[in-house]
Amino acid sequence: MNGKLRNIFCLGLSLGLAVSIFSSPLFAHHGGAAYDTDKKMTVKGTVTDWLWSNPHCILQLDANDEGGQAVHWVVETENPSSMIRSGWTKDSLKVGDEISVMLVPSKTGVHVGRIVEITLADGHKLQGRGYSPAPPKPDESAKP
């Protein structure tokens, strides 16, 4: 290889390597690796916060575990523009609302998840994005 061709090759290789290194977090961010997508569970509780913001809308709620102890959950969904297409608004949830959230739980067992579907006190349902709202398995329903 002559010197000019070698420099172009090295520049192209370096640029390709830099792009792959710096873009990998973008792919990781949008993956579902943190969630056990084979499981769905339902949590019934009270909304403590609803953050309508990019990059993801965040819902916080308090529920009781099987022993009656308070458990704080943090669940996420898509960005506001995606949620609007599914019928959501920034006012869909309010602090104090009693809701039931079907979610895909974290693989680590912490009280974190991804919203599949929310049922409001009046029975109205809001669909999450990216997961089918199939009912939870009998042994996974109504867990805090």
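Author: Of the 144 residues of the chain, 33% count as buried. Keep in mind that this is a predicted model. The chain has 2 helices and 6 strands, and from the N terminus on they run α-β-β-β-α-β-β-β.

Reader: What makes tryptophan 50 buried or exposed?

Author: Its relative accessibility is 11%. Buried means under 20%, so tryptophan 50 counts as buried.

Reader: And why is tryptophan 52 called partly exposed?

Author: Tryptophan 52 has a relative accessible area of 23%. Partly exposed covers what lies between the 20% limit for buried and the 50% limit for exposed, so the label for tryptophan 52 is partly exposed.

Reader: How do you know that tryptophan 50 and tryptophan 52 form an aromatic pair, and what makes the pair tilted?

Author: Ring centres have to lie within 6.5 Å, and these two are 6.0 Å apart, centre to centre. So tryptophan 50 and tryptophan 52 pair. Then the angle: stacked needs planes under 30 degrees apart and edge-to-face needs over 60. The planes here make 55°, so the pair is tilted. By this rule the count comes to 2 aromatic pairs, and ring pairs link Trp50, Trp52 and Trp88 into a cluster.

Reader: On to charges. Why is aspartate 36 with lysine 39 called a salt bridge?

Author: The cut-off is a side-chain nitrogen within 4 Å of a carboxyl oxygen. The closest N and O atoms of aspartate 36 and lysine 39 are 3.9 Å apart, so the pair qualifies. Lysine 39 itself is partly exposed, with a relative accessible area of 40%.

Reader: How do you know that lysine 125 and glutamate 117 form a salt bridge?

Author: By the N to O distance again: 3.6 Å for the side chains of lysine 125 and glutamate 117. The limit is 4 Å, so this one counts too. The two partners carry separate labels: lysine 125 is partly exposed at 45%, whereas glutamate 117 is buried at 9%.

Reader: What makes arginine 114 and glutamate 78 a link between parts of the chain?

Author: Start with the bridge: the closest N and O atoms of arginine 114 and glutamate 78 are 2.0 Å apart. Arginine 114 lies in strand β5 (residues 112-120), and glutamate 78 sits in the loop between β3 (70-76) and α2 (80-85), so the bridge ties together parts that are 36 residues apart in sequence. Both arginine 114 and glutamate 78 are buried. Salt bridges that share partners join Glu76, Glu78 and Arg114 into one network. In total, the structure holds 4 salt bridges.

Reader: Why is serine 100 called buried?

Author: Serine 100 has a relative accessible area of 17%. With the limit for buried at 20%, that is enough for the label. Serine 100 belongs to strand β4 (residues 98-105). Leaving aside residues up to four places away in sequence, serine 100 touches Thr42, Val43, Lys44, Glu117, Ile118 and Thr119.

Reader: How do you know that β1 pairs with β4 and with β2?

Author: Pairing takes at least two bridges. Strand β1 (residues 41-51) has 6 bridges to β4, so they pair, and they run antiparallel.

Reader: What joins β1 to β2?

Author: A hairpin does, through 6 residues. Proline 55 lies in that loop, and a cis peptide bond joins asparagine 54 and proline 55, with omega about 5°.

Reader: What makes up the largest nonpolar core?

Author: This core has 21 residues, and those with the most contacts inside it are Leu59, Trp73, Val101 and Ile118. The elements giving two or more residues to this core are β1, β2, β3, β4 and β5. Of these, β1 gives the most, with 4 residues. In soluble globular proteins, nonpolar side chains tend to be buried together.

Note on methods
Residues numbered from 1 in each chain as written. Predicted model: local features only at pLDDT ≥ 70, side-chain atom pairs only at ≥ 80, totals over all residues. Heavy atoms only, no water. Buried < 20%, exposed > 50% of the residue type's maximum accessible area, 1.4 Å probe, protein only. Contact = heavy atoms within 4.5 Å. Core = buried A, V, L, I, M, F, W, Y, C linked by side-chain atoms within 4.5 Å.
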